[in-house]
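Please open the model in your viewer and keep the sequence beside it. The tour below goes from one selection to the next and says what is found at each stop.

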Amino acid sequence: GTLDLSEVERLVAALGVVLSRTSAQDMFAQMDADSDGVVDLAEFEAWWAAHYSDGAGFITSDGEDDIE
């Protein structure tokens, strides 16, 4: 299966990451490695592992994730 932007937003929120709409769109674009408009499990896992598996990603003091 695949996830669209709104589904990815809900998933990362459930995982404890607070994002603005703009940050979510940026994150989604980074995840969507093949630019097909959806994120599959492999794309999500690769992005999540690169940004969150070792604590590299974190919620900033303004309450939003600092997506780079």
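Select R21 first: its relative accessibility is 46%, so R21 counts as partly exposed, a class that lies between buried (under 20% relative accessible area) and exposed (over 50%), computed with a 1.4 Å probe on protein chains only. The model is a predicted one, in which local features need pLDDT of at least 70 and side-chain atom pairs count only at pLDDT 80 or more, while totals for chains, interfaces and linings use all residues. Residues are numbered from 1 along each chain as its sequence is written, and side-chain values use heavy atoms, with hydrogens and water left out.

E9 lies in helix 1 and R21 in helix 2, so the pair ties together parts that are twelve residues apart in sequence. By this rule the count comes to one salt bridge.

Next, select helix 3, residues 41-52; helices here are DSSP runs of H or I with at least four residues, strands are runs of E with at least two, and both are numbered from the N terminus. The expected span is 1.5 Å times one less than the number of residues, so the twelve residues of helix 3 should span 16 Å, and the 15 Å between its end C-alpha atoms agrees.

Within helix 3, colour E43, F44, W47, W48 and Y52, which are buried. Seen down the axis of helix 3, these buried residues fall within an arc of 120°, so they line one face of the helix; the arc is taken from the directions from the helix axis to the C-beta atoms. They pack against helix 1 (5-14), helix 2 (21-31) and strand 2 (39-40), where contact means heavy atoms within 4.5 Å. On the other side of helix 3, A42 and A50 are exposed.

The structure holds one aromatic pair. F44 and W48 form this stacked pair, at 5.6 Å centre to centre and 20° between the planes; rings of Phe, Tyr and Trp (its six-membered ring) pair if their centres lie within 6.5 Å, and planes under 30 degrees apart count as stacked, over 60 as edge-to-face and the rest as tilted.

Finally, select G1, in the segment before strand 1 (2-3). G1 touches D40 and L41, not counting residues up to four places away in sequence.

Terms used. Salt bridge = Lys/Arg side-chain N within 4 Å of Asp/Glu carboxyl O.
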